Amino acid sequence: MREKEVRLALVCYGGISLAVYMHGITKEIWRFARASRAFHAREAAAGGSQGIYRAMLEEIEEVAGVKLRVLVDIIAGASAGGINGVFLAQAISTGQSLEPLTDLWLTSADVEALIAPDAAPSNRLTKAWALPLAWMAAKRNGGDVDELVEPAAREEVRNKLSHFVRSRWFEPPFGGHLFTNMLMDAVEAMAAAPREARLLPDGQPLDLYVTVTDFRGHPERLRLNSPPEVVETEHRLVFPYSDHGEAVNMLADPAELVFAARATSSFPGAFPPFTVKELDEVLDQRHTAWPGRDAFLARVLPRQAAANAADKAVLIDGSVLANAPFRPAIDALRERPAHRQIDRRFIYIDPSPGLKIHFGGEVGEAPGFFQTIIGAVSELPRQQPIRDNLEDLAERSARIERMRAIVSDIAPEVAGEIESLFGHTLFLDRPTPGRLLSWRRRAQNAAAVKAGYAYAAYGHLKIDGVIDLISTLLYQVGGEHGPSRKRHIRDTVAATIRARGFHDETPTFAGKASDATIDFLRRYDLGFRIRRLRLLARRLAEIEMAHEEAELAPIREAIYESLALYLECKRTDQHIRLRRDVRRLADDAGVVLDRLGESMDLTRLDAETDERMAGALAVLSKPIRREMLLTYLGFPYFDVATLPLLQGEGLDEFDPIKVDRIAPDDARSIRAGGAEATLKGIQFNSFGAFFSRAYRENDYLWGRLHGAERMIDIVLSTLPESIRLKPGRVAGIKRAAFLAVLDEEEPRLTTIPTLIASLRDEIGAP
């Protein structure tokens with residue numbers, strides 16, 4: 001049975017009260033990940049929608065001959081999406097349950113619970129003159145309360161809307177300390193609830209990125225021609241978290257998770273800006289320690305911490321400048337390990353796609369003074385499309401497709417070169433570690449000669465790539481962030497390499513590279529090893545289509561185990577003992593380079609890999625061994641042709657990326673019409689769900705239903721085009737998942753019985 005990983009990178013948008021809807025979606029993604037882990041562990045099937053997903057994976061295994069592992073390993077979020085991303089990452093990394101978070105959203109995400117005590121109206125007559133404003137707000141967007149909510153909740157919405165409008169003006173009505181306490185309650189409730197095993201394979205890291213806006217900004221130095229240097233103010237911040245592929249009790253200290261969740265959701269005008277002082281006061285009131293406080297602040301606020309001003313930083317909503325945080329998720333792809341074939345998906349969760357900005361007035365009518373100002377400073381920046389991000393992903397995928405096409409086109413010629421070089425007896429000899437080493441070096445020299453002058457450009461590009469890899473790794477190990485520090489490390493490393501004669505100016509074609517340069521590449525050229533194993537994995541995937549799984553299992557294990565060990569060398573925590581040396585780095589990187597070479601120890605890894613590969617190749621049938629050896633020994637030829645296309649970047653995940661969206665408009669199996677036909681939270685400029693538990697229950701339930709439908713679609717889309725489930729099966733799986741969700745949630749969602757009954761009719765009998 002072939003194994004394949006469906007890896008999901010989630011990008012979670014902001015959405016104010018639509019956070020409740022997004023929680024329903026992320027909860028369903030979490031359930032699918034749980035079902036997948038249990039399926040691979042051959043544990044007993046769970047109930048509810050999780051059981052439906054487990055049965056679906058079993059059916060795929062039976063019908064398609066593919067054992068899928070569905071996992072989430074990258075999460076990036078802003079604002080409401082940032083909160084949900086933090087808690088989803090915590091659940092995936094630790095095996096904790098998301099159920100306590102559901103109670104937070106349904107019970108606590110309410111105007112009455114969020115309004116600061118000193119902001120609430122003191123009695124029913126306070127600001128009685130503001131009641132007409134509440135009535136006007138209730139009739140916005142083409143409907144009033146009577147049309148927007150079920151009869152049982154109409155009085156609740158009217159009263160809470162009145163309370164909200166008559167609360168404190170010109171200061172945020174919602175309490176920052178209240179919200180921080182709620183988030184702490186949720187983190188602690190998740191920690192106290194029963195947990196299961198981590199939802200990712202051993203060694204597979206979970207990386208979380210949360211965007212935040214630095215209100216006052218921090219200085220960043222930029223290099224120009226003239227003047228040589230300028231200083232600009234940067235307001236964008238990204239808070240990174242990772243479990244580094246290890247089982248942990250907490251993804252981070254609870255205070256650090258709450259720090260990110262509270263900061264990213266400081267919606268301007270609704271919540272006060274977030275400060276370190278606020279969190280300190282909450283922790284003090286709760287008698288909760290935060291032992292890593294200073295180190296955390298130095299990591300996420302390096303500029304402010306360097307100036308002893310981290311305590312004074314003012315942080316507001318992450319969606320102000322980065323509502324769709326694709327960039328950190330894309331950057332995280334550089335260090336992904338691989339143990340089997342991968343289908344990488346970027347999934348972005350947009351709770352209200354295409355939602356128009358309403359400031360009153362008729363269509364075609366020029367906006368007024370205040371409408372223009374509010375739109376420019378608040379709404380328009382967060383509503384920008386993601387075209388640039390999608391184009392980046394499309395270009396990355398196109399480069400990979402071009403590379404694969406080049407490899408395919410030149411494969412026959414490369415095979416001819418290898419056979420001419422070694423003769424047909426090569427494939428009759430039993431591979432040994434010594435022979436592999438000898439064959440590999442002979443093929444490398446032959447490729448250099450055949451490439452001629454083109455090898456000079458390849459050689460320089462290759463060495464520059466190694467310098468970039470070393471510099472980036474040392475920069476990350478040092479933990480001192482900023483472009484000037486990164487540039488200093490890169491310049492110092494490059495100068496030291498030149499001084500040692502590693503990067504000499506003699507031609508590097510026709511096998512004339514100096515001994516020093518060859519030694520340098522053998523000690524530090526990690527990318528070359530990784531690219532070679534990626535190519536072998538790709539060739540193996542092609543061979544798998546026509547051969548039995550059992551025959552290929554040893555070579556697959558050898559390839560992916562070796563690949564994982566090389567990829568470990570790119571992990572920052574593997575070289576953390578070099579941090580002090582990196583921070584002391586001045587004008588000579590010699591000591592740091594030597595210690596990094598010892599830490600990576602590529603000579604040892606090469607020997608272990610040769611031993612592993614020789615054993616696996618020896619047990620293959622002669623035809624398959626021939627194909628694998630042609631690829632293995634032909635790699636230098638392929639690398640000369642493709643590395644310039646990759647711009648020196650050895651893409652870790654050797655497959656194109658596909659992008660999927662989860663949004664109300666994309667889930668039409670139950671009800672068409674998008675957000676307007678399903679969600680209540682879009683009312684009152686997306687604050688609607690704060691005004692009624694019925695609103696929140698409605699949006700949460702639709703989130704689970706939409707999440708279930710889209711996850712089924714996305715996972716099934718990873719199957720080969722030649723393999724499809726029987727007609728009607730997809731609709732049957734979706735119907736079963738929908739009914740399972742309703743059965744699970746009906747006892748909890750007590751304010752929307754009419755909706756649940758209506759949904760059962762719309763879904764139909766199984």
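This is a predicted model: local features need pLDDT of at least 70, side-chain atom pairs count only at pLDDT 80 or more; totals for chains, interfaces and linings use all residues.
Is Leu474 buried or exposed? With a relative accessibility of 0%, Leu474 counts as buried.

**The chain as a whole**

The protein chain is built with 31 helices and seven strands. It has 766 residues, and 56% of them count as buried. Take the contacts between residues at least 6 apart in sequence: 80% of these join residues at least 24 apart.

**Around Leu474**

Leu474 sits in helix H18. Setting aside residues up to four places away in sequence, Leu474 touches Ile489, Val493, Val582, Val592 and Leu596. Val582 is 108 residues from Leu474 in sequence, yet their C-alpha atoms are 6.6 Å apart in space.

**Helix H18 and its partner H17**

Two packed helices are described by the angle between their axes and the distance between the axes. For H17 (residues 433–451) and H18 (residues 454–478), the axes come within 7 Å and cross at roughly 125°. The two helices, H17 and H18, are therefore oblique to each other. On the H17 side, the contact is made by Gln444, Ala447, Ala448 and Ala451, while H18 contributes Ala454, Tyr455 and Lys462. By type, the residues of this contact divide into five nonpolar, one polar and one charged.

**Helix H29**

Next, a look at another helix. H29 covers residues 693–716, which makes 24 residues, and it spans 35 Å from its first C-alpha to its last, close to the 34 Å expected at 1.5 Å a residue. Of the 24 residues of H29, 22 are buried, so this helix is largely enclosed by the rest of the structure. The N-terminal end of H29 is capped by Ser692, whose side-chain oxygen lies 3.0 Å from the backbone nitrogen of Ala694.

**Arg54 in helix H2**

Arg54 is found in helix H2, residues 48–64. Arg54 has a relative accessible area of 8%, and it is buried because that value falls under 20%. Its side chain makes a polar contact with the side chain of Glu58, at 3.0 Å. Beyond neighbours within four places in sequence, Arg54 is in contact with Ala35, Ala38, Phe39, Arg42, Glu43, Ala44 and Ala45.

| Residue | Relative accessibility |
|---|---|
| Leu474 | 0% |
| Arg54 | 8% |

Conventions
Residues are numbered from 1 along each chain as its sequence is written. Side-chain values use heavy atoms; hydrogens and water are left out. Helices (H or I, at least four residues) and strands (E, at least two) are DSSP runs, numbered from the N terminus. The expected span of a helix is 1.5 Å times one less than its number of residues. Buried means under 20% relative accessible area, exposed over 50%, partly exposed in between (1.4 Å probe, protein chains only). A polar contact is a pair of N or O atoms within 3.5 Å; within protein, one must be able to donate a hydrogen and the other to accept it, and residues adjacent in sequence count only if both atoms are side-chain atoms. Axes are lines fitted to C-alpha atoms, for helices over the stretch in contact, and angles run from 0 to 180 degrees between N-to-C directions. Angles under 35 degrees count as roughly parallel, over 145 as roughly antiparallel, 65 to 115 as roughly perpendicular and the rest as oblique. Contact means heavy atoms within 4.5 Å. Ala, Val, Leu, Ile, Met, Phe, Trp, Tyr, Cys and Pro count as nonpolar, Asp, Glu, Lys and Arg as charged, and the others, Gly among them, as polar.
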